[in-house]
Structures are given as structure tokens and as C-alpha cells.
Amino acid sequence: MAGSLLPVDDALSILLNGALPITDRESCDLVEADGRVLAEDLISRITQPPFSASAMDGYAVRSDDATTGATLLVIGTVAAGETPEISVAPGTAIRIFTGAPLPSGADSVVIQENTEVMGDRIRIMKSVTKNANIRAAGQDFRQGQVLLADGSRLEARNLSLAAAGGYGSLPVYHRPKVAVLATGDELVRPGETPGTGQISASAGIALVSLARANGAEARDLGIAADEPSAIEAAVEDARAWGANVLITIGGASVGDRDLVGPTLQAMGMSLDFWKIAMRPGKPLMVGNLDAMKVLGLPGNPVSAYVCALVFAEPLIRRLARLAPRDRLMRAVAAEAIGPNGPRRHYMRARFSDRGQGLVSPSASQDSSLIATLADADCLIVRPPGDGPLKPGDPLEVMLLGKAAS
Ligand SMILES: Nc1nc2c(c(=O)[nH]1)N[C@H]1C(S)=C(S)[C@@H](COP(=O)(O)OP(=O)(O)OC[C@H]3O[C@@H](n4cnc5c(N)ncnc54)[C@H](O)[C@@H]3O)O[C@H]1N2
Ligand code: MOO
């Protein structure tokens, strides 16, 4: 009875309202901090550059002296990493290399291409203005300045900034721990050859990957057989590891072997909801086992992934303190699409023209078809009860994979 099923947005609100961002923190060296979330405002420990330096290879000069045609006596050399011991006096120049501290007395650098060497003198071929080719001390940033805000996700550029600011390690929030458990007697581990009636447990790795991409530390708990003791043992593993989120796959529906919900409830899980107005994904279950959030996803791999995208991604990002990811985009039906049923339908689709946003649904929306999921650019999001669409009608899509980046 779809009319009595919980709408997707209500289900998402219930899930997110019951989830608090992680507050525990630790220190990580810069390499390990990649992809993590900074746990305080990062104050620069140093001024950058720490001293006025030459931006070019050439000669440190007094700009008043360095007029076109003038000759200057070269009285010394300073390279990067050295400290100039003499000053540039009127009528003189000091040979200087990129990154070297500017000697006192000099106010500019003339690049060597604009000079002619004549023994111990140089001739200026092109005059320079004051401050030419000089990186002023502190022109990048200054000691005490906030370089990065608490909550920033650390990546290539801001890690480089942290390193420049004097940090070899950074305070970061703990990542949410996400445990992924497949259930079903018919499943074999990916890479094993399925026997009669068996299939590869393909859904788990997608969820592990999605969790990691959203800032989680993810663990694959493998496969539990369709019996309460096997499910219980795996749930205990998740608890012992300290999982913040347990995601189960399969056994969520109404069959005699669908034991995940009853087993977890027997272990003390309180149920937030079970079954929602979503296609695929109707049998989605959400509950809490002590401090651990439990997401019970349907077994069909497409259903599991779509539910994870709609529910697990925002949940993990909230725990990880990452801003919600907006995958939604307006698009246009490239062809006629039939009316929708009573559940919000996420239809695998491909762009025929990305620039114009023209999109066509995959021919079959069967939730066991993994190849069409891997091939899709987006999911068309059909509201419950949406009427038929004509070519050119506007619609909304949720971007996937490369299309989303
Ligand atoms: N009488 C009804 N039957 C079904 C209903 C229903 O409302 N009434 N709902 C259907 C829908 S919708 C879905 S979705 C499935 C979900 O059921 P379960 O969560 O109980 O999933 P299973 O039965 O365990 O598995 C379904 C399907 O997916 C395969 N599977 C399971 N785990 C994995 C995995 N880790 N990797 C790859 N494939 C997996 C499993 O072998 C089955 O083929 O129920 C419908 N039935
Ligand atoms: O809702 Mo099931 O999840 O359609 O395949």
C-alpha cells in the first residue's frame, strides 16, 4: 500500500535528525590528513615569504641606479638559502638567484636577460622600477592569520597551504566508521566462482567506495548467512570495531529468509522506520542499536546503491562534518517517458546531450541490472504520481559518477 509508505524526504529527515556530527579529534601527519576534515581554525605559524626575496635570476640593484645604459659594479653573489652579508651601495649590484633574500640597500632586481656582463660590471639594458621582481615579505600570508577554517576538507591545495604555514601534522575529526555487511546464503565473495544458484556479492564494494568518498573509514564485514546467529556475530563485529553506521544489504523484505530486521530488533535495535515510498528501495529500514545507526538496504544491487546515495551519503557527510553534496540538476526529457507510480522513482538514465541536459531513461529499470547502473550518468527523479512526460518536458536528475564531478 504505497499510500501508507513514508515519503523519501520524511524518511531522510528522520535519519538526519537522529545523527550528530562527530566531535572526537586526533592529530594526523600531512600525508594521512589528505581527505580528512580539519578540526580547528588553522592559524599560520609563520609569515610567507618570511623575508623579501628575489622572484628571478638577475642582479639586486637600487632602482634609481638601474636606468637604461647605466653600468654597475658587481660586488657579490647571493643564492637561495644564503644570507646576504653585504649591502648594495650606490653604483653597485649583487648577483642574485630566484628565492634568495634581497640584500639590504637593494629595492629591485633586474633580470639577467636585461643586462650585459662586462668583466666585473654589468650594463643595464632595460631600466627597472622600484620593487620589480621582488616577493615582499608576507605578501602571501602572515603569522597569526587564519589559513583554513575548522571543518575544511583537506586536499591538495589546502594541505600545501598548511605546510607553508608551518604545520607537519594537523588536528582532524575522526572519520565516521561505516561497516558494510552483505547477507544471503546465495552469495559468494567477489572473485570466487559462484556455484549453482549462487551469485557474487557485488553490492558491498559500491557502498564501501561511496562511504570512503564521503569521508568515512569503511570496513567490509563480508557475508553473513541467512540465519540469526550469523547476522548477530557480524553485528557484534561491527560494534566491537566501534562502527557509527552499520549498513546491511539484503534480507530486508518480507520473505521467510528476510531476517535482518527481526534479528537486529531481537538484539535491541529500535526501529525508526521500515519501508518507504521509493523505487527502487521500498524495503529500506533505519534503526538504532545503542549508538550505532543501522541502515538496512534491499539486496538488489541497484536498490542498495540508490538507497545508499539517497540516505547513506547525506548521513555519512553529516557525521563527517562535510557539507551536503548537491547532486540535483534540472534536465529535459529527450523522449517520452511513461507515468510514474505511487513511489518516488529514481530511474537510471544517460545524457544524449549533456550541454542541453537531454536525458533518456535506460530501457529496463529492473533493480538487479548492475551494468545499466555502471553505465548511467544520472538518475531521473520522478515524483510520486507524476504524469507521462513528453520530449522537451523539464525534469530533475541526480548526477552520478563523472557527471557529478
Ligand atoms: N513479496 C514481496 N517480495 C519482494 C518485495 C515485496 O515487497 N514483496 N520487494 C521486492 C523488492 S522491491 C526488493 S528490492 C527485494 C529486496 O529484498 P531483500 O532486501 O530481502 O533482498 P534479498 O531477497 O536478500 O535479495 C534480493 C536480490 O538481491 C540479491 N542480493 C542480495 N545481496 C546482494 C549483494 N550483496 N550483492 C549482490 N546481490 C545481492 C539477491 O541474491 C536477490 O537476487 O525484494 C523483492 N521481493
Ligand atoms: O524497491 Mo526494490 O528495491 O525495487 O528493487
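Trainee: How many bridges join strand β13 to β16, and how do the two run?

Mentor: Keeping in mind that this is a predicted model, β13, which covers residues 177-183, is joined to β16 by 6 bridges, and the two strands run parallel. Within that pairing, Ala 182 of the one strand stands opposite Ile 223 in β16.

Trainee: What order do the strands of that sheet have?

Mentor: The sheet is an open one of 6 strands, in the order β16-β13-β17-β21-β20-β18, and its pairing is mixed. Because β16 (217-224) and β18 (270-274) each have a single partner strand, they stand at the edges, and one side of each is left without a neighbour in the sheet. On average, and with direction ignored, neighbouring strands here are turned by 20 degrees against each other.

Trainee: Which helices pack on the sheet?

Mentor: Helix α5, residues 228-241, packs on it and touches β13, β16, β17 (245-249) and β21 (292-297), with a direction that makes about 165 degrees with that of β16. Helix α7, residues 301-320, also packs on the sheet, where it touches β13, β17 and β21, and its direction makes about 160 degrees with that of β21.

Trainee: Switching to the ligands, which residues are closest to ligand 1?

Mentor: Of the 26 residues that surround ligand 1, the closest are Gly 250, Ala 252, Ser 253, Pro 298 and Gly 299. The elements that give two or more residues to this shell are α4 (203-213) and α7, and by class the shell has 12 nonpolar, 11 polar and 3 charged residues.

Trainee: And what surrounds ligand 2?

Mentor: Ligand 2 has Arg 279, Pro 280, Gly 281, Lys 282, Pro 298, Asn 300, Ser 303 and Ser 367 around it; by class, these shell residues divide into 2 nonpolar, 4 polar and 2 charged.

Trainee: Stepping back, what domains does the assignment give?

Mentor: The domain assignment gives domain 1 as 8-23 + 175-320, domain 2 as 26-48 + 148-173, domain 3 as 53-135 and domain 4 as 328-399. Between the C-alpha centres of domain 1 and domain 3 there are 67 Å.

Trainee: What about the protein as a whole, say its radius of gyration?

Mentor: The protein has a radius of gyration of 31 Å, whereas a compact globule of 405 residues would have one near 22 Å. Its C-alpha trace spans about 95 × 55 × 40 Å along the principal axes, and the protein has 9 helices and 26 strands.

Note on methods:
Residues are numbered from 1 along each chain as its sequence is written. Chains are lettered from A and ligands numbered from 1 in the order in which they are written. This is a predicted model: local features need pLDDT of at least 70, side-chain atom pairs count only at pLDDT 80 or more; totals for chains, interfaces and linings use all residues. Two strands pair if DSSP finds at least two bridges between them. Helices (H or I, at least four residues) and strands (E, at least two) are DSSP runs, numbered from the N terminus. Axes are lines fitted to C-alpha atoms, for helices over the stretch in contact, and angles run from 0 to 180 degrees between N-to-C directions. Two residues are in contact if their C-beta atoms, placed from the backbone, lie within 7 Å. A residue is near a molecule or strand if its C-beta atom, placed from the backbone, lies within 6 Å of it. Ala, Val, Leu, Ile, Met, Phe, Trp, Tyr, Cys and Pro count as nonpolar, Asp, Glu, Lys and Arg as charged, and the others, Gly among them, as polar. Domain bounds come from an automatic or database domain assignment. The radius of gyration is taken over C-alpha atoms; the globule rule is 2.2 Å times the number of residues to the power 0.38.
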